[in-house]
Amino acid sequence: MSRLTVPKTYKLYIGGKFPRSESGRTYEVVAADGAFLANAAKASRKDARDAVVAARAAVGGWAGATAYNRGQVIYRIAELLEGRRAQFVDEIASSEGVSVAEASAQVDLAIDVWVWYAGWADKYAQVAGNANPVSGPYFNLSVPEPTGVVAAVAPQGVAGGSLLGLVSVIAPIVVSGNTVVVVADERAPLSAISLSEVLATSDVPGGVINMLTGSPAEIMPWLAAHADVNALDLTGAGSIDGAKGETWVDLQLAAAETLKRVVAPVAGIPRPALERITAFVETKTVWHTKSML
Amino acid sequence: MAFLEYAAAPESASILNLKAQYGLFIDGEFVDGHGDVFDTISPATEEVIASIAQATAGDVDVAVAAARRAYDRVWSRMSGSDRGKYLFRIARLVQERSRELAVAESLDNGKPIRETRDVDVPLVAAWFFYYAGWADKLEHAGLGPNPRALGVAAQVIPWNFPLLMLAWKIAPALAAGNTVVIKPAETTSLTAMLFAEILQQADLPAGVVNIVTGPGSTGQALVTHDDVNKVAFTGSTNVGRMIARQVAGTQKRLTLELGGKAANIVFDDAPMDQAIEGIVNGIFFNQGHVCCAGSRLLVQENVHDEVIDRLKQRLSTLRMGDPLDKNTDIGAINSAAQLERIRTLSDTGESEGAERWTADCRIPDKGFWFAPTIFTKVSAAHAIAREEIFGPVLSVLTFRTPAEAITKANNTPYGLSAGIWTEKGSRMLALVDQLRAGVVWANTFNRFDPASPFGGYKESGYGREGGRHGLAAYLEASGWDAPAALSAASSAPASASASKPARKTRKAVAK
């Protein structure tokens, strides 16, 4: 005789807490064969704005942490993910309709991508920064710094990518000290929400990673126009088709008003690359006079 | 002759051999434009220097086609070392003709000869010399083993440092292997024309650099042209926003160097003699026509009165007048329109309650002039504390603690530069970490060097000019392969997420 299961309520992840959408809306998440899996929260404009407030509040502490510390915190995400891999394999297999072996491979890669980026935390500044030999008695150094709050769209509907695509987007954003508001894969959001649970029990401070589920076409315009968002990662926005035919280009147009940095859509899953880290940093150059002896 | 009175020592303009009329420089030749001609005047005397051709959209088309041809047939096939040699030649020719260029720049722009001679033109030569050496070393630029040029670069530059901005744009573009169509600012095309002569003397292959003169509409035709691969703009934040919209949805790469409202922070333990000179250099260099000017002085409350007294004393010794006079510290405002903007914002400052002090200068009868001005009792809400004035006007605010200084310094949508004056190194470094600005000068201000990246945070734009970072703005990174164990992550199917086709530029413009 089989036991009656206790299904999970899937919610948003904002500022380290798990609220429902303030709008009270949910949408059905179904398996590849159409079977009902769960009701996910359908994030609203207000949820997105709350997430930006949480993300902004978290910038100081996260960007101000030592690079060694950020590296360890991100590495710990990988550790915890490893420990809960069965749950992720399960969710991916059911929602993407892939085999257990394929789902396992995706989780493995997602873990390894976290590990790869974790190692960059205390190195990217050495690679992307510079000592500058200026013509005069000055100490002159250029160092990269996080740009601030990044709004991102995870890859949407990419086979084999609901977790890996999400991780490949958020890891390079946060490793340098940015905070992120990310919209998960609309059709397969379950592993994103479970990743939030991993984050909540890891050492990632609340507000550093904020996870929204729902429609990117509905949520992203608010984030693209939000004056307190510094950059826009449109990696998964290539397929956006708004109610009035809006595309990712409209998001870029909205972002131009506040001169946000914009990363254009990518087909599939972005490969791990240093360029994804440096896409969300600013270069600060410091001059200091050298005295006469 | 009384103390601080000087006999005039004007640099002779006879070194110039100007033409009465300048055409466009396209495909290696001076050609007539198809638009009206317009006069370029000396802002110090309002006298006409020469007439300049106005490029129409059709002229821009021809220039872009020439750049494309030069890119396909010549420049992209040339070895890096040969490209570098052309740039070295240009650097040397600029040095050889430096006096002439300095005089022409002062005449056309209104800035003092002391600045064009000692800052602008030497930096122009330095910029070409620096990037010349990169041309055959691109694989060391940190962009992967085989970085590629982008193609044709469309560049639009401002009037505040006409020839220097041209060098900032052209040198890295050419070193990286791109060809260029550049549009100088409407009021300052003259030195770009002399530069075109230098390109002919250097025997640079035709079409590698094309110069189209004209107003904003010429620039718009250039940045929205379908056959350019890269857009680089230096100028106001408003125009920068417009260009960002025009480029949205295209494959064009974009860098923007826009406005600023820099805080210059003076602590009570600052080296005061140097700080006073630094504040003066920060906001009165080039009549304050500097995007990174230290236009907001944040001074620690307990030294406010001392700093202001000494500043007024120092400003009273500045000499305003003939830009070609070697004694001149403050030249002419570049145009009537800019003078009007400075006047309007200054009047707003006064009507909003700030206290105005203006140096007692004799204003010449002709030309566009604005005497060095300081506003005290400025609050963060005043227009003169928020908006870029782009003139010789300093707004003074006070602070008590470092935390307050940081909050006030960052309280702006801009983020181009900042200054810190303190003898305490540890405090300076802690402050540097907190300031949201692309360039921070500590115990100095307004220093520029081709090896040093320059550019802004937030609404001051994106991308860097200068150094290795400036080169990256003109190269497509080849990147490195992801580690083998992660390679599956890069070979995911591209099915569902393929981009919808990008919209045409023109539709984006209509928004």
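**Where chain A meets chain B**

Let's start with one pair of residues. A:T285 has a bridge partner in β18(B), and that partner is B:V439. Keep in mind that this is a predicted model.

Now widen the view to the strands. β10(A) pairs with strand β18 of chain B, residues 439–442. The pairing is parallel and runs over 4 bridges.

Next, the whole contact between the chains. How many residues of chain A are in contact with chain B? The count is 50 residues of chain A, against 53 residues of chain B. Several elements of chain A give two or more residues to that side. The helices are α4 (100–118), α6 (164–175) and α9 (248–256). The strands are β4 (138–146) and β10 (281–289). Which of them gives the most? β10(A) does, with 8 residues. By class, the side of chain A that touches chain B has 22 nonpolar, 21 polar and 7 charged residues.

On to the inside. The largest nonpolar core has 271 residues. Those with the most contacts inside this core come from both chains: A:W114, A:I170, A:V182, A:L212, B:L87 and B:F128. Why does the core lie between two domains of chain B? Domain 1 (15–257) and domain 2 (263–450) both give residues to the core, so it lies between them.

Take A:L212 as an example. Set aside its neighbours within four places in sequence. A:L212 is then in contact with, among others, A:L12, A:A43, A:V181, A:V182, A:V183 and A:I219.

The contact takes 23 residues from domain 1 and 21 residues from domain 2. On the domain 1 side, α3 (98–109) and α4 (113–132) of chain B each supply at least two residues. The largest share of that side, 8 residues, comes from α4(B). By class, the domain 1 side has 12 nonpolar, 6 polar and 5 charged residues.

Last stop: a sheet in chain B. Three strands form an open sheet, in the order β1-β5-β4, and the pairing is mixed. Which strands stand at the edges? They are β1 (21–22) and β4 (37–41). Each has a single partner strand, so one side of each is left without a neighbour in the sheet. β1(B) pairs with β5 (residues 48–53) of chain B in the parallel sense, over 2 bridges. Look there for B:Y22, which stands opposite B:I52 in β5(B).

Methods:
Residues are numbered from 1 along each chain as its sequence is written. Chains are lettered from A and ligands numbered from 1 in the order in which they are written. This is a predicted model: local features need pLDDT of at least 70, side-chain atom pairs count only at pLDDT 80 or more; totals for chains, interfaces and linings use all residues. Two residues are in contact if their C-beta atoms, placed from the backbone, lie within 7 Å. Ala, Val, Leu, Ile, Met, Phe, Trp, Tyr, Cys and Pro count as nonpolar, Asp, Glu, Lys and Arg as charged, and the others, Gly among them, as polar. Two strands pair if DSSP finds at least two bridges between them. A nonpolar core is a set of buried Ala, Val, Leu, Ile, Met, Phe, Trp, Tyr and Cys residues joined through C-beta atoms within 7 Å. A residue is buried if 20 or more other C-beta atoms lie within 10 Å of its own, exposed if 12 or fewer, and partly exposed in between; C-beta atoms are placed from the backbone. Domain bounds come from an automatic or database domain assignment.
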